[in-house]
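Let's take a walk through a protein model together. Keep the structure open beside you and turn it around as you read.

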Amino acid sequence: MSQYSISPTGEKFELPGQKDDSKEFEHLKEVVNIQRGFGREIVLVMGLGFVGVVMAAVIADATDEKGNPTKFVIGMQRPSTRSFWKIPLLNRGISPVSSEDPEVPLLIDRCVNEKKTLMATFTYDALKLADVVVVDVQCDYLKESLGNVRDGRADMDAFEESLEVIGQHIGPETLVLIETTVAPGTTEQIAYPIIRKMFRKRGIQTDPLLAHSFERVMPGRNYVSSIRDFWRVCSGINEKATSKVVKFLKEVINTEKYPLTVLDRPIESETTKIVENSFRAAILAFLDEWSIFAEQNGVDLIKVINAIKVRPTHSNIIFPGPGIGGYCLPKDGGLGLWAYRHIHGFEDDIFKMTPLAININDTRSLHVAQLTRDALRNMGRPIASAEILVLGASYREDVGDTRYSGSELIVRRLTEMGAELRVHDPYVLHWWEFEKQDEYPASSHSLKRFFRGQERLKDLRVEQSLEKALHGTDAVILAVRHKHYLNLNPDEVVESAGGPIAVIDCFGILEDVRIKRYFELGCEVKGLGRGHVKRIKDQVREAQA
Ligand SMILES: NC(=O)c1ccc[n+]([C@@H]2O[C@H](COP(=O)([O-])OP(=O)(O)OC[C@H]3O[C@@H](n4cnc5c(N)ncnc54)[C@H](O)[C@@H]3O)[C@@H](O)[C@H]2O)c1
């Protein structure tokens, strides 16, 4: 029976069968022959996710001093029901990832349709044609309980499968550049033996040429430049791999303006990524307790942070919002803990700050449900059966990426408390964490399992009209700093809702004048770290008395 993969806009694509593989490979060989005739290096990017798609396009856009393209890029993606649609879309020149960066669609269209230096495929045979393989598949960290990162493990399945396939297909001189964020030690202690074993089976006696260089991509307004125009760290497994990876990155990334850091061993590049993200997780988690302090003592943490930020030494202090989501910060420290024991074999427990930070960040958003409950209670409305609108499903502003977003936990906890949830997000068409909660992000790994009464959330649909979403709501939760939510007019919000509502500000979105106006309109306002709202409320009520 045919199987299909459905794009976010609802287009249906039949999955290829095994017989399609050889036809696809014949076609690829013809295309690659022509490209080699132009003197171009063949680069295969494995995994067309948030990183792989744009990295593939950045490589395909690379030129020599005369402006001639130097690379031909094949984006390779597993033909799974979840992801196959990305291939036909990319081959039309359409970006499979949505973002606020206008350069993404232009870059992809230019490389596919004008320069003809980028195409996508589903066949692993394409690896046989590659001079360089860039690995951008995921390496997850699966947590077994909520708020305890120690109770979890690295999920290397997709990553290890990719390495085996690479070892079965590539030539001995092919550079394998791992960009995936991995547990420190992976390139040398996991990837190298897997590929080497495959090489030996195929009678190849040389060592595989492996390197690691992690991504610092930020899929927002500067998506493309966060890959192309940004500092990189890299390291090869031996001298030859190092010189190859340095040459490659210099050819595709703006290393003149953003110099490369070349480290001695891949474990140092891998550790850099994990420490960099654990540091970020820690400075965010640190403010959680001060956020509660602020709420309980009439302090506006947003103003406190802005006052501190003027000191150049403290300029990276940052308000944590409703938990820290995204693919990287919730998991990367976990990969470090896991590596210490399971790759390097240590039994002692040296990690204190990193797991604590992740645990705080993973549960911070639950407090939003309490604020919502209290705001509604102040208006004499019970949380059970209350209609609550969450504005923003993504983990950060102006992107359509919902992975581990604080909003998911807010929806789950409030549902458990009996509320009726709706959601609006201009960047998200489908919130798969709910629509496909039985199999997404992996079967039996939905956060659903930590809450009761979640079944009906399968029917949660992302509303695209803000006005419609507001109609008849009891509470609005400002969960993400999407530009669409920064200047909402309180009078219009209340009018669309049909009367006074509870407003919960999770991200310092509301200036004091707006908070005041909401109170004047009979609303309740609460916010993470925003203890001063009570003062504004008292002033308004006094003036109204
Ligand atoms: N998303 C970010 O903002 C970001 C930033 C920095 C680093 N990273 C790291 O980059 C890596 C990739 O992240 P992502 O966000 O692109 O993940 P993703 O889940 O969006 O993409 C991974 C892709 O790889 C595909 N894939 C899996 N196994 C495959 C196989 N055997 N062959 C071909 N394709 C396969 C998946 O189907 C998916 O499309 C991760 O290690 C992540 O931690 C991500």
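## Aromatic pairs

Start with the rings: the count of aromatic pairs comes to eight in this predicted model. One of them joins Phe84 and Phe122, whose ring centres are 6.2 Å apart. Their planes meet at 65°, and since anything over 60 degrees counts as edge-to-face, that is what we call this pair.

Where do Phe84 and Phe122 lie? Phe84 is in the loop between β4 (71-76) and α3 (86-91), while Phe122 is in the loop between β5 (118-121) and β6 (132-135). So the pair ties together parts that are 38 residues apart in sequence. Are these two residues buried or exposed? Phe84 is buried, and Phe122 is buried too.

## A pair within one helix

Now look at Trp290 and Phe293. Their ring centres are 5.3 Å apart and their planes sit at 70°, so this pair is edge-to-face as well. Both residues belong to helix α9 (residues 266-296). They are three residues apart there, which means about one helical turn separates them.

How covered up are they? Buried means under 20% relative accessible area and exposed means over 50%, with partly exposed in between. Trp290 has 39% relative accessibility, so it counts as partly exposed. Phe293 comes out at 41%, so it is partly exposed too.

## A cluster, and a ring with charges over it

Rings can also gather in groups. Which residues form one aromatic cluster? They are Phe230, Trp231 and Tyr258.

The charged end of Lys331 sits over the ring of Tyr327, 4.6 Å from the ring's centre. The charged end of Arg403 also sits over the ring of Tyr327, at 4.3 Å from the centre.

## Around the ligand

There are 28 residues around the ligand, and the ones that come nearest are Val51, Gln77, Lys86, Thr181 and Arg403. So what is the make-up of this shell? Twelve of its residues are nonpolar, eight are polar and eight are charged. Helices α2 (50-60) and α5 (157-169) each supply at least two residues of the shell. The largest share, three residues, comes from α5.

A polar side-chain atom of Lys86 lies 2.8 Å from an oxygen atom of the ligand. For Thr181, a polar backbone atom is 2.8 Å from a ligand oxygen. How much of the ligand does the protein cover? On its own, the ligand has 840 Å² of accessible area, and the protein covers 95% of that.

## Helix α2, tucked inside

The buried ones are Gly52, Val53, Val54, Met55, Ala56, Ala57, Val58, Ile59 and Ala60.

## Phe519 and Arg541

Phe519 lies in helix α19 (residues 512-520). Its relative accessible area is 1%, so it counts as buried. The C-alpha atoms of Phe519 and Arg541 are separated by 8.0 Å, and these two residues are 22 residues apart along the chain.

Tyr440 and Pro441 are joined by a cis peptide bond, with omega at about 0°. You'll find Pro441 in the loop between α15 (432-435) and β15 (462-463).

Next come two phi angles. Ser385 has a phi near 70°, a positive value in a residue other than glycine. Ser385 is in the loop between α13 (366-378) and β13 (387-391), and with a relative accessible area of 54% it is exposed. Tyr404 has a positive phi as well, near 55°, and it too is a residue other than glycine. Tyr404 lies in the loop between β13 and α14 (406-416). Its relative accessible area is 31%, so Tyr404 is partly exposed.

Conventions. Residues are numbered from 1 along each chain as its sequence is written. This is a predicted model: local features need pLDDT of at least 70, side-chain atom pairs count only at pLDDT 80 or more; totals for chains, interfaces and linings use all residues. Side-chain values use heavy atoms; hydrogens and water are left out. A residue is near a molecule or strand if one of its heavy atoms lies within 4 Å of it. A polar contact is a pair of N or O atoms within 3.5 Å; within protein, one must be able to donate a hydrogen and the other to accept it, and residues adjacent in sequence count only if both atoms are side-chain atoms. Accessible areas come from the Shrake-Rupley method with a 1.4 Å probe; for residues, only the protein chains shown count as cover. Helices (H or I, at least four residues) and strands (E, at least two) are DSSP runs, numbered from the N terminus. Ala, Val, Leu, Ile, Met, Phe, Trp, Tyr, Cys and Pro count as nonpolar, Asp, Glu, Lys and Arg as charged, and the others, Gly among them, as polar. Rings of Phe, Tyr and Trp (its six-membered ring) pair if their centres lie within 6.5 Å; planes under 30 degrees apart count as stacked, over 60 as edge-to-face and the rest as tilted. Buried means under 20% relative accessible area, exposed over 50%, partly exposed in between (1.4 Å probe, protein chains only). A charge sits over a ring if NZ of Lys or CZ of Arg is within 6 Å of the ring centre and within 35 degrees of the ring normal.
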